[in-house]
2 protein chains.
Amino acid sequence: MLAELQQLLGPENVLTSREDLIPYAFDGTAALKQLPRAVVFPRDAAQISAILKLARAHRTPVITRGSGTGLSGGSVPVENALVLCVLKMDRILELDPRNLTLLAEPGVITQKIFETADAVGLFYPPDPGSMKISTIGGNVAENSGGLRGLKYGVTRDYVMGLEVVLADGSVCWLGNKCVKDVAGYNLRDLFIGSEGTLGIITKVLLKLLPKPAARQTLLATFSQMDAAAETVSAIIAAKIIPCTLEFLDRTTIACVEAYAKVGLPNDAEALLLIETDGHPAAAADEATRIEDLARSQGALQVRRARDAAESAQLALARRSAFSALARRKPTTILEDVTVPRSELAKMIRSVQHIAAKHTLDIAVFGHFGDGNLHPTILTDERNTAEMERVHHAIAEIVDAALALGGTITGEHGVGLAKKPFLKQQLGESSHALLKAIKHTLDPDALLNPGKIFD
Amino acid sequence: MLAELQQLLGPENVLTSREDLIPYAFDGTAALKQLPRAVVFPRDAAQISAILKLARAHRTPVITRGSGTGLSGGSVPVENALVLCVLKMDRILELDPRNLTLLAEPGVITQKIFETADAVGLFYPPDPGSMKISTIGGNVAENSGGLRGLKYGVTRDYVMGLEVVLADGSVCWLGNKCVKDVAGYNLRDLFIGSEGTLGIITKVLLKLLPKPAARQTLLATFSQMDAAAETVSAIIAAKIIPCTLEFLDRTTIACVEAYAKVGLPNDAEALLLIETDGHPAAAADEATRIEDLARSQGALQVRRARDAAESAQLALARRSAFSALARRKPTTILEDVTVPRSELAKMIRSVQHIAAKHTLDIAVFGHFGDGNLHPTILTDERNTAEMERVHHAIAEIVDAALALGGTITGEHGVGLAKKPFLKQQLGESSHALLKAIKHTLDPDALLNPGKIFD
């Protein structure tokens, strides 16, 4: 098969030596790795179709991959697998300002999508934490979130069309530039978030928005977590939907302050980073109301940025959270449970309780407006006794989230990391339905086998 | 089977006499009718599950139906079918202002959803033309649109969760109250717009928004259609996304004026109804800029409403379009092609050309901002020669829309009316994929057979 792949793609697009394969043996998820048999770099859908036909003939699993920034092991190979890396399919094919769309190949870096839109006064809202290196194809395959979910939604909300190569090598276009289209089942949304298990995305048609004219950034700290939660409830009750509503707990605040020196109070139990955007009068008005609401809930301090530079400085506290935490211990496990917004304070308390029970160091930060928490377990994967406790803690965190009407994963995907918990969330009949869909689209279990479910 | 149904549901919930069945033999689509064998009114998912098991045992097709306002024949029975009418499942089960959600049974009237949200300062944006009588279950099954698509999207964008009964009688919950959820394939979106062919929707969890604080309404008329189209392009280029951007052509303007007497100029070739909403300063600012843009494109007249009453008066011109047209001829066939917004002026010219070629009376109105046109054929279904020309014209309108990158249906669904054109839009491989999904979910072709595709 390797000779056929070399002939198809050119030898420079087929990696087979051990040293070359090592970077493709893992993604951004801790403690998961497996060397593939080879890595290939196709240029278009026709080559991908040919690769899949070869892989099927040789019964070789295919793992699609972009930059490998995933946090659930979704692009970790299985034994003897072919890694299909889309990084050389990296062209922006069209920017259409009249229809507010952008057509890209899957290997385009997310940040480049944002910048291309921004340069003509348009806005691509999804901003996953890894956007400077992640690919748009990976974002679509994982339905990535980010910091603007509450107001702007997630990657799914900006995908108008997809070109997909199916397991049998056929090429499908799903969707178009029409704002409304009800011609047949929506299969586009089936592929969004399917984690490389149903087909391979070869083109992405994205929806853009006009760039908001103004933005206001606030940072508020609280001595009690409940006061922060009440502030969030009060903001929503006041009919304000901020574009960003982020949360850091005491441990995260301390780590961020040690790392980034942004002048955070050392007696704060909770920090909220809040941004509003839109028409200048609307953003300013909302920011003033939010400031009042935070003060009336007894905020320790409320800082409001006067300009873009100060806004970036305040946002740094949140943007550096993961890096700041990751410095503390050798292994950082980023959890991703999500609950309805109203249940978030309860969920944070559950995590604190679980951390104490298992004597683990768990920091919590995340997207308060979305109910999307990142309990971050600071540990060392070489410490087998502690890792045992970590696994128990994760199972209990998942139980707590589901008991509150939540989900096992808000934005990182199921992959390998959350596979054991999927049936518990979905129930037997929905889980069986997912498997039936998988079997229909990929009867030979060729595409990313063993992910999402067995 | 009828005796078993009566025992299951009570005799008052099973209709079998010819007079009782007649209202269920058609929907809102012209020239399509078929008497069912019986009509049943279940109360919950458990009864629906039992009905489906009975229907399967007796190989009886099941047609799910709400108020029957559909415009593509999606709820027209087939011979010997059981119509499953959800109108008695009409409770709003929960309004959750903290999470901005509303949980409803499928038989709730759309208008009631809007009013329930409105009463607590919240907003359910989708407003299909039939919202005063259509059901939310029907809206979800058809993925209904409305007049606010450009800014607010369609029904799909407001569905967070569904309870669905599958053909085998199993009950699935798909989705939840989480703003972000990537646990497994998105099957919720597969059922939205599936027109009763994949499962029966028994609960709908909807997302609500804060009610916009202010709204501005403008009505502009133009002597040339191109000037109207240029105005729309200029609005989008100015980074303004109105919530409503509606269009009427000369014929529709004349019919509306004759019917509703709103003082429209008789020399206008195009009318735009434009609404902006949001923060009062933002809405007012946008309205002023839109007014300037319309005038600079040489609008005949630009009227801006000073209050809610005047706003309703201006909107009446658009809201009464269909009724005004329907008075002219015995049969009104409402087409629904949609193209990318940038192609709309071309599409309108194509329709005018096709009307002239076939000597047909075709008025055009629709959602300019969404590229969603309703070419409305005014005819008489008893005139077989003219109906022959109507069918040719429809095929040519569809061809023209597809040539411009459009869709055969923007918001009315495929049903029976657009079934002959679906493969032409999707292509062989996507069409085959849809059929494979249908076969997986409904192997006995029990649910709404013969719709969307054969």
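## Two interfaces in a predicted model

Within chain A, 14 residues of domain 1 are in contact with 16 residues of domain 2, where contact means heavy atoms within 4.5 Å. The model is a predicted one, in which local features need pLDDT of at least 70 and side-chain atom pairs count only at pLDDT 80 or more, while totals for chains, interfaces and linings use all residues. Residues are numbered from 1 along each chain as its sequence is written, chains are lettered from A in the order in which they are written, and side-chain values use heavy atoms, with hydrogens and water left out.

Chain A is divided into domain 1 (1-85), domain 2 (92-210) and domain 3 (214-404), with bounds that come from an automatic or database domain assignment. The C-alpha centres of domain 1 and domain 2 of chain A lie 22 Å apart. A45(A), L52(A) and T69(A) supply 35% of the area that domain 1 of chain A buries against domain 2 of chain A, more than any other three residues. Buried area here is the accessible area (1.4 Å probe) that two parts lose on being put together, summed over both.

| Interface | Buried area | Share on carbon and sulfur atoms |
|---|---|---|
| Domain 1 and domain 2 of chain A | about 1,100 Å² | 61% |
| Chain A and chain B | about 6,000 Å² | 64% |

The contact between the chains takes 82 residues from chain A and 82 residues from chain B. In chain A, the residues that lose the most area to chain B are K180(A), V182(A) and Y185(A), together 17% of what that side buries.

In one salt bridge, the side chains of E411(A) and K180(B) meet at 2.9 Å, N to O.

Turning to secondary structure, helices (H or I, at least four residues) and strands (E, at least two) are DSSP runs, numbered from the N terminus. On the side of chain A that touches chain B, β9 (171-175), α7 (188-191), α10 (280-296), α15 (422-426) and α16 (428-441) of chain A each supply at least two residues, and the largest share, nine residues, comes from α16(A).

How values were computed: Salt bridge = Lys/Arg side-chain N within 4 Å of Asp/Glu carboxyl O.
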